[in-house]
Amino acid sequence: MKALYTAQATVEGGRDGTVRTRDGKLHLQLSTPKVLGGKGGEATNPEELFAAGYAACFQSALQLVAFKQKTPLPSNGSITASVDLGKLDSGIFNLAVELQIHLPGMDQQVAQELLEKAHQICPYSNATRGNIEVKLTLQTAETVGI
C-alpha cells in the first residue's frame with residue numbers, strides 16, 4: 001500500500017491515561033468506563049474514538065459514492081456508530097460495530113444501494129471486514145415512519 005496520509009497518536013497510561021496527536025489537534029484524557037471496572041468520568045475511551053472515526057469515514061465514503069452516481073443525499077443525513085467491546089467464547093476481547101445510517105426522505109432501495117457501495121470503499125469497513133461483526137442499519141422515511 002502506498003500511504004497517502006499518516007495520522008499519529010501517542011497514548012501514555014493506557015485506558016486511564018492521555019492521548020495526543022503528533023500535530024497537537026487532539027489531546028484528550030482517557031478513562032475506563034465504570035461498567036468495565038474503571039472510574040468513568042468525563043474522559044473518553046478508545047471505543048468512542050473508534051466510533052467517531054468509523055462514522056466520519058463511512059459518511060465520507062457514502063458522500064463520494066452518491067456524488068459519483070449523481071444522487072443527492074439529504075442535508076440532514078447522519079451516521080451513528082455504536083461500538084461494543086465484549087468477550088468471545090474463547091475469552092479474548094473483541095469489538096462489534098453497528099452503523100446506523102439515517103437518510104431521511106431518501107428512497108429505501110436507492111439508499112440501500114449507496115450504503116452497500118460505501119461499505120465496499122470505506123477504509124474502516126475494509127480494515128474490519130472479516131475481523132469483527134459490522135451491522136449496517138438504514139433509516140429512511142420509510143423505516144422511521146416519516
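Leaving out neighbours within four places in sequence, Gln 100 touches Ser 78, Ile 79, Thr 80 and Thr 137, where contact means heavy atoms within 4.5 Å. Gln 100 lies in strand β5; helices (H or I, at least four residues) and strands (E, at least two) are DSSP runs, numbered from the N terminus. With a relative accessibility of 25%, Gln 100 is classed as partly exposed, given that buried means under 20% relative accessible area, exposed over 50% and partly exposed in between (1.4 Å probe, protein chains only). Ala 55 is 45 residues away from Gln 100 along the chain, yet the two C-alpha atoms are separated by 9.0 Å.

A word on the basis of these values is in order. The model is predicted, with local features requiring pLDDT of at least 70 and side-chain atom pairs counted only at pLDDT 80 or more, while totals for chains, interfaces and linings use all residues. Residues are numbered from 1 along each chain as its sequence is written, and side-chain values use heavy atoms, with hydrogens and water left out.

Turning to the whole protein chain, its secondary structure amounts to 4 helices and 6 strands, which follow one another from the N terminus as β-β-β-α-β-β-α-α-β-α. Its C-alpha atoms occupy a box of roughly 45 × 35 × 30 Å along the principal axes. Of the 146 residues, 32% are counted as buried. Among contacts with a separation of 6 or more, 50% link residues 24 or more positions apart.

Helix α2 is next. This helix spans residues 108-121, 14 residues in total, and extends 20 Å from its first C-alpha to its last, close to the 20 Å expected at 1.5 Å a residue; the expected span is 1.5 Å times one less than the number of residues. Its buried residues are Ala 111, Leu 114, Leu 115, Ala 118 and His 119. These residues lie on the same side of α2 because they cover an arc of only 140° around the axis, the arc being that of the directions from the helix axis to the C-beta atoms. As a handy reminder, an α-helix has 3.6 residues a turn, so residues three or four places apart point the same way. The packing partners of the buried residues of α2 are α1 (46-68), β5 (93-102), α3 (123-128) and β6 (133-139).

At the start of α2, the backbone nitrogen of Gln 109 has a side-chain oxygen of Asp 107 within 3.1 Å. Further along α2 sits His 119, which counts as buried at 14% relative accessibility. The side chain of His 119 forms a polar contact with that of Ser 125 (2.8 Å); such a contact is a pair of N or O atoms within 3.5 Å, where within protein one must be able to donate a hydrogen and the other to accept it, and residues adjacent in sequence count only if both atoms are side-chain atoms. Beyond four places in sequence, the contacts of His 119 include Tyr 54, Phe 58, Arg 129 and Leu 136.

Finally, an open sheet of 3 strands is ordered β1-β2-β3 with antiparallel pairing, two strands being paired if DSSP finds at least two bridges between them. Since β1 (9-12) and β3 (27-29) are at the edges with a single partner strand each, one side of each has no neighbour in the sheet. Between β1 and β2 (residues 18-21) there are 4 bridges, including Ala 9 with Thr 21 and Val 11 with Val 19. These two strands make a hairpin with 5 residues between them, and Gly 13 in the turn has a positive phi of about 95°.
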